[in-house]
Amino acid sequence: MDPITPPPRSRTIYLLPNLFTTAGLFSGFYAIIAAANGDFVNASIAVFVAAVMDGLDGRVARLTGTSSEFGVQYDSLADLVSFGMAPALVMYHWSLSELKYDGELLGRLGWAVAFLYAACAALRLARFNTQVAVVDKRWFVGLASPAAAGLMMSFVWAFADGGLGWNGSELRFVALAVTVVAALLMVSRIRFWSFKGGTAKGTRSDRVPFLVLALVPIAIAIAVIDLPRVLFVVGILYALSGPVMWALQRLRKKPEAA
């Protein structure tokens, strides 16, 4: 007697993770439109919404068993818009475009640096896709593009709402430095903690240390006090964590070699 085969799972369930990806793509697109219209606060918020959607689509796909190669490629293309093009253009419209008033050369430098960020985001995503099966899941090699976008947009949001008294024109050289640093960290070989569990290379795990879960309520309570500035501080600390760990490892190796 032939075994009873279960009915095939409906392919409509594959819509669920891709809907989150599409929502993230829309958020990135909206950020570009908002920045072009001078609405930099909402543009920054939209990029953070895209980051939330980017975190949800992969988890939903794994929880529902609907991961697919199409979803992986679609997610990468959406990330390029949300975390590559959108932050670069928001930063350019808010601050880097003001460099043109300091001279023609600096004006060109402004849009060239914005392009550098977008290009580095594309390179970071391409490298991640080719190495995802062989790297240690506990670490990102180079600053992840959502984290780089978070650093950029938290910087814009922290000052664009007028809470600190400076505008994009006054901070144009600081914005130039932030953009260059974020771009170069993405394509660097410096490791950053991924907040993922697991120890073996080539494995994937959604487990996180209990300490991280315990700190979540505390982080939320602190964030609601002054969300833009808190996000900016968190972005700076995370961006510095990789270079600091790299420097400490280099210092430890020197005595061992001696």
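1. Start with the aromatic cluster: Trp94, Phe155, Phe159, Trp166 and Phe232 group together as one. Keep in mind that this is a predicted model. Across the whole structure, a search turns up eight aromatic pairs.

2. One of those pairs is Phe48 with Trp157, with ring centres 6.0 Å apart and 50° between the planes, which puts it in the tilted class. Phe48 belongs to helix 2 (residues 40-64) and Trp157 to helix 5, so this pair ties together parts of the chain 109 residues apart in sequence. Is Trp157 buried or exposed? Its relative accessibility is 10%, and the cut-off for buried is under 20%, so Trp157 counts as buried.

3. A further tilted pair is Phe192 with Tyr238: the ring centres are 5.7 Å apart and the planes sit at 45°. Here a strand meets a helix in the pairing, since Phe192 lies in strand 2 (residues 191-193) and Tyr238 in helix 8 (residues 227-257); the pair therefore ties together parts that are 46 residues apart in sequence. Both Phe192 and Tyr238 are buried.

4. Now for helix 5 itself, residues 145-160. How enclosed is helix 5 by the rest of the structure? Largely, because 13 of its 16 residues are buried. After the helix comes Gly162, which has a positive phi, near 80°.

5. On helix packing, have a look at helix 2 and helix 3 (residues 69-94). Their axes come within 10 Å and cross at roughly 165°. Angles over 145° count as roughly antiparallel, so that is how helix 2 runs relative to helix 3. As for handedness, helix 2 passes helix 3 in a left-handed crossing.

6. There's also a charge over a ring to check: Arg191 lies over the face of Trp139, 4.5 Å from the ring centre.

7. Last, Ala247, which sits in helix 8. What is the C-alpha to C-alpha separation of Ala247 and Ile190 in space? It comes to 9.9 Å, although Ala247 and Ile190 are 57 residues apart in sequence.

Definitions and conventions
Residues are numbered from 1 along each chain as its sequence is written. This is a predicted model: local features need pLDDT of at least 70, side-chain atom pairs count only at pLDDT 80 or more; totals for chains, interfaces and linings use all residues. Side-chain values use heavy atoms; hydrogens and water are left out. Buried means under 20% relative accessible area, exposed over 50%, partly exposed in between (1.4 Å probe, protein chains only). Helices (H or I, at least four residues) and strands (E, at least two) are DSSP runs, numbered from the N terminus. Rings of Phe, Tyr and Trp (its six-membered ring) pair if their centres lie within 6.5 Å; planes under 30 degrees apart count as stacked, over 60 as edge-to-face and the rest as tilted. A charge sits over a ring if NZ of Lys or CZ of Arg is within 6 Å of the ring centre and within 35 degrees of the ring normal. Axes are lines fitted to C-alpha atoms, for helices over the stretch in contact, and angles run from 0 to 180 degrees between N-to-C directions. Angles under 35 degrees count as roughly parallel, over 145 as roughly antiparallel, 65 to 115 as roughly perpendicular and the rest as oblique. A crossing is left-handed if the near helix is turned anticlockwise from the far one by less than a right angle, and right-handed if clockwise.
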